[in-house]
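Here is a short briefing for a reader who is new to this structure. Look at the sequence and the model first, then read on.

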Amino acid sequence: MYKVFDFSEEWRNKLNSINHLKVSDYKLLHGTASVLFTFELMTEKINTIIIDLRKKINNEEQEKQWQEDFMKHISKYFLSHHFHLGDSAFELAKIGYGVSISIIARALFESTVNLTYLWLCEDINNGSILERKAWREFYDAELSKAVNKHEDFRKHREKRSDIVHNNPFSAERSKEFEKLKEKFKHDYPDFYIRKKNYWCKHHNLYERARAIDDLEIIKKLLDNESFYLEDQYNFIYGVTSQYIHGSSKIISAYSSENEKELIIGSDYNTLSLPLKMLNNSLVISLLVIGEVYGIKKEELYAQLNHCEET
């Protein structure tokens, strides 16, 4: 038997303050709270693991090995990111903002695919973990894009006899960004595709989802033989893309059934689907980070089930 914990007073108070949701939606939001509370418990456990490991470091070589454990390093930040997204969605659910939750659910799904891909990249790419290092360095390599975009903007305005007064990038900084871009291109030539840098070989998200699915590891983690991330990708993008990009689907999102009345503010009829999408990604990321840190899925499921029952 694994040791399990009751909801903290903070989470219990949050749940007790909700009295206006449908029973089915409250159950989904209770599930969201269960995962988020388990994230908090996991954070405490991971911090303990890190402290214990650092106590055992006796020399520079061991310190170097610890610093180079990219997956443990990476997953800590995914944990924080996913908790923040999930907690934001929880607060939005309390006020009935389902469309906004669906946008967060899309962001969380994309991040969960990337986390999972980084965890499994060694299996996907025949023993190579280079993509983990590339992921860490990718942001710096992309800074030159902002410089190029600003330059394109400036030239266009000048053609129209406009003056662009602000320049956020000095010549020195621009050169530095360009060097970082070229260094990344040199260090990771396999990730330079059609004149663009990427942090991985599978540069499209659906390709990463498919590569993960082919290993059949996530369906085993979830104990769900019919689960596929690529299928989730197709569904989530179909549901959320037009909300994100301001396309005509927002008409149906913010109007009554006959489109005669505009809906402003809370709409508690929009919660179910976004919360289901959100909870799926939260659980996957919880289990993946657990695997990275050697926390058994049975222990995490025991905690989740305990929260669901209380």
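With which residue does Glu-110 form a salt bridge? The partner is Arg-106, and the closest N and O atoms are 2.9 Å apart. A salt bridge here is a side-chain nitrogen of Lys or Arg within 4 Å of a carboxyl oxygen of Asp or Glu.

This is a predicted model, in which local features need pLDDT of at least 70, side-chain atom pairs count only at pLDDT 80 or more, and totals for chains, interfaces and linings use all residues. Residues are numbered from 1 along each chain as its sequence is written, and side-chain values use heavy atoms, with hydrogens and water left out.

**The chain as a whole**

- The chain holds 13 helices and two strands. Both are DSSP runs numbered from the N terminus: helices are H or I with at least four residues, strands are E with at least two.
- The C-alpha atoms fill a box of roughly 65 × 60 × 35 Å, taken along the principal axes.
- Of the 310 residues, 44% count as buried. Buried means under 20% relative accessible area, exposed means over 50%, and partly exposed lies in between (1.4 Å probe, protein chains only).
- The accessible surface comes to about 17,800 Å², and 50% of that belongs to carbon and sulfur atoms. Such areas come from the Shrake-Rupley method with a 1.4 Å probe; for residues, only the protein chains shown count as cover.
- Take the contacts between residues at least 6 apart in sequence: 73% of them join residues at least 24 apart. Contact means heavy atoms within 4.5 Å.

**Salt bridges**

- The count comes to 15 salt bridges.
- Glu-110 and Arg-106 both sit in helix α5 (residues 98-124). They are separated by about one helical turn because they are four residues apart in that helix.
- Glu-110 is partly exposed, at 25% relative accessibility. Arg-106 is buried, with a relative accessible area of 10%.
- Lys-14 pairs with Asp-87, and their closest N and O atoms are 3.5 Å apart. This pair links distant parts of the chain: Lys-14 is in helix α1 (residues 9-16), Asp-87 is in helix α4 (residues 70-94), and they are 73 residues apart.
- Lys-14 is buried, with a relative accessible area of 15%.
- Arg-210 forms a salt bridge with Glu-230, with the closest N and O atoms 2.6 Å apart. Here too the pair links distant parts of the chain, from helix α8 to helix α10, 20 residues apart.
- Arg-210 is partly exposed, with a relative accessible area of 42%. Glu-230 counts as buried, at 18% relative accessibility.
- Salt bridges that share partners join Glu-10, Lys-14, Asp-87, Glu-91 and Lys-94 into one network.

**Helices α8 and α10**

- Two packed helices are described by the angle between their axes and the distance between the axes.
- The axes of α8 (residues 205-215) and α10 (residues 229-244) come within 7 Å and cross at roughly 150 degrees. That makes α8 roughly antiparallel to α10.
- The axes are lines fitted to C-alpha atoms, for helices over the stretch in contact, and angles run from 0 to 180 degrees between N-to-C directions. Angles under 35 degrees count as roughly parallel, over 145 as roughly antiparallel, 65 to 115 as roughly perpendicular, and the rest as oblique.
- From α8, the residues Leu-205, Tyr-206, Ala-209, Arg-210, Ile-212 and Asp-213 meet Leu-229, Glu-230, Tyr-233 and Tyr-237 of α10.

**Loop residues**

- His-203 lies in the loop between β2 (196-197) and α8. His-203 is buried, with a relative accessible area of 16%.
- Leaving aside neighbours within four places in sequence, His-203 is in contact with Ile-193, Arg-194, Tyr-198 and Arg-208.
- Ser-161 is in the loop between α6 (130-159) and α7 (171-187). Its phi is near 65 degrees, a positive value in a residue other than glycine. Ser-161 is exposed, at 66% relative accessibility.
- Asp-223 is in the loop between α9 (218-221) and α10. Its phi is near 55 degrees, again a positive value in a residue other than glycine. Asp-223 is exposed, with a relative accessible area of 59%.
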